[in-house]
Amino acid sequence: MTARQRALAGRPAPWIKVFGRRGATGRKPPLFLMLPAIVAGSMMFIPLVYLVVRAGATERTELAAIVLRPFTLEVTLNTLALVGSVLVLATAIALPLALLVTRTDIPAKRAITILATLPLAIPGYVMAYALIGLSGYYGPLNAFFGLRLARPEGLFGAALALSLYTFPYVFLNVRAALLGLDPALEETARSLGRSPRAAFLSVTLPHLRPALLSAWLVVALYTLGDYGAIALMRYDVLSSAIFSQYANAFEVNYAAWLALMLLAIAAAFLVLEGALNRERRLARTGTGTRRNAPVLVLGRWRWLAVGFAGLVHLVSLGVPALVIAFWLSRAPADVDWTKVPATVLGTLSVALPAAALAVAIAVPVALVATRWPSRLTYGIERMTYFGYAVPALPFALATVFFTLAVVPVFYQTLAVLIIALALHTAALAVGPVRVRLLQIGPRVEESARSFGYSAPAAFRHVTLPALSRSVLAGAIFVFIVVAKELPITLLLAPSGFTTMAMNVFSRTHEGMLYEAAPYAALMIAFSAISVALMLRSERNHP
């Protein structure tokens with residue numbers, strides 16, 4: 001390398017100048033973008049601060065009695081046991097399934113992959129409803145086969161329901177990692193005398209570690225924040241204790257402390273995942289082109305592998321479909337079917353404006369973070385993701401406390417519910433918008449400015465149309481999550497207001513499985529239609 005080449009290598013790339021602190025044009029971010037981004041980031045932070053203030057109002061003499069009481073230790077240990085059980089069970093399902101579709105000659109790989117992702121359309125509380133509805137004297141197994149199963153509950157029931165819902169996260173991550181793994185690494189280990197099992201444990205598994213850790217983090221955070229499936233399975237954890245303390249007006253300060261403990265556990269998982277993934281070098285350093293991994297011929301084990309995949313699909317998809325169809329067929333004539341359309345409209349009245357508001361938050365946040373990177377804009381973007389990382393119940397509880405203290409007139413109004421749901425899910429829309437902005441770059445908008453367009457006009461006529469696909473995808477994704485959301489809706493919904501998720505939970509909790517069936521079926525239909533719309537929008541755009 002010459003001296004000139006070395007000097008050029010030390011200079012920042014041209015795109016760094018373009019995306020410098022003051023952006024491509026050398027100006028600061030326009031106020032019409034910066035102001036809503038700052039407001040959004042601040043609103044993510046204010047409820048959390050108020051939760052800390054609320055917990056700090058506890059007298060010192062009462063603090064030890066609140067935090068160190070036996071029930072607190074019990075629900076904390078139960079929470080950790082549930083997270084560990086879900087991670088183990090979800091991995092036990094997903095890892096073999098990912099290996100089968102990427103490394104073996106199992107038939108119908110594409111169908112297996114698609115079916116393995118569909119459980120994401122079935123919320124955890126609907127999965128819990130299906131498992132509960134399958135058992136008992138009036139369940140379909142007893143009705144058709146005379147087989148009466150005990151009602152699933154406790155740690156086993158909660159872990160099973162959540163694992164059947166969350167294992168696709170692990171499956172998708174591990175599958176992607178296996179498809180990108182260079183087979184030469186395993187072949188080298190085999191040439192040095194390692195057995196296939198030893199080569200997998202010493203070479204393949206360490207390279208799957210980042211994918212597993214990322215998936216485990218998502219699953220752990222979801223499990224920490226879940227309430228519906230856990231409550232239906234009658235298992236006491238931090239999330240159910242928080243809801244019980246607040247809903248029954250026992251001790252709001254105690255609920256605040258439990259919420260902070262749950263937040264601390266979530267933060268610990270975030271820190272642990274980052275520490276375990278730090279400074280890991282997994283890229284190949286040799287020359288040459290990476291080859292596809294050799295396909296393992298299953299031979300006589302083929303049908304056993306097909307049976308395993310079929311069993312996973314039967315339990316995760318077949319059981320909910322069977323149970324919902326069974327209880328729909330047994331629904332008595334006195335079920336008030338006229339409430340179903342009203343509940344659908346109620347769900348839409350929350351999900352649609354929340355999705356629109358989340359996108360309205362995501363666009364300015366993504367714009368200032370990509371076009372004018374600085375510590376401030378980076379912090380705003382991180383706060384948006386932090387709002388989603390906070391478990392739903394603490395987020396809802398903080399919103400309740402903040403609303404009662406600052407704007408009590410808006411307590412238990414639809415506006416507060418929509419704003420809280422949009423703030424909690426805005427990060428889901430930030431991701432696709434940010435990626436698209438990095439692909440577009442600022443040059444097209446700069447050209448429009450050179451022709452006399454103002455900054456808002458250039459954004460409206462040039463940038464926004466180019467973002468349409470990503471904005472639509474983010475909005476649909478937020479819509480799916482909000483339509484299925486339960487804890488925030490339970491705490492913040494106005495009196496008398498119901499959604500499909502609330503109806504599934506309340507009727508299943510009261511043992512009215514036949515009345516919950518229509519709403520459970522609608523929840524799955526909503527998710528499936530939303531996913532289909534998102535895929536169709538991607539096909540219709542270049």
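In which loop is glutamine 412 found? Select glutamine 412: the loop lies between helix H18 (392–406) and helix H19 (414–440). Residues are numbered from 1 along each chain as its sequence is written. This is a predicted model, where local features need pLDDT of at least 70, side-chain atom pairs count only at pLDDT 80 or more, and totals for chains, interfaces and linings use all residues, while side-chain values use heavy atoms, without hydrogens and water.

Stay on glutamine 412. Its phi is positive, about 55°, although the residue is not a glycine. Glutamine 412 counts as partly exposed because its relative accessibility is 31% (buried is under 20%, exposed over 50%, partly exposed in between, with a 1.4 Å probe and protein chains only).

Next, select alanine 108. This residue sits in the loop between H5 and helix H6 (109–117). Alanine 108 also has a positive phi of about 55° without being a glycine.

Now show helix H5 (residues 70–103) and helix H15 (residues 302–329). Helices here are DSSP runs (H or I, at least four residues), numbered from the N terminus. H5 and H15 pack at about 135°, with axes 11 Å apart. That makes H5 oblique to H15 (under 35 degrees is roughly parallel, over 145 roughly antiparallel, 65 to 115 roughly perpendicular, the rest oblique).

Which residues of H5 meet H15? Select Ala92, Ile93, Pro96, Leu97 and Leu100 in H5. They meet Ala305, Phe308, Ala309 and Val312 in H15 (contact means heavy atoms within 4.5 Å). The residues of this contact divide into nine nonpolar, no polar and no charged.

Definitions and conventions
Axes fitted to C-alpha atoms, helices over the stretch in contact; angles between N-to-C directions. Helix = DSSP H or I, 4+ residues; strand = E, 2+ residues; numbered from the N terminus. Nonpolar A, V, L, I, M, F, W, Y, C, P; charged D, E, K, R; others polar.
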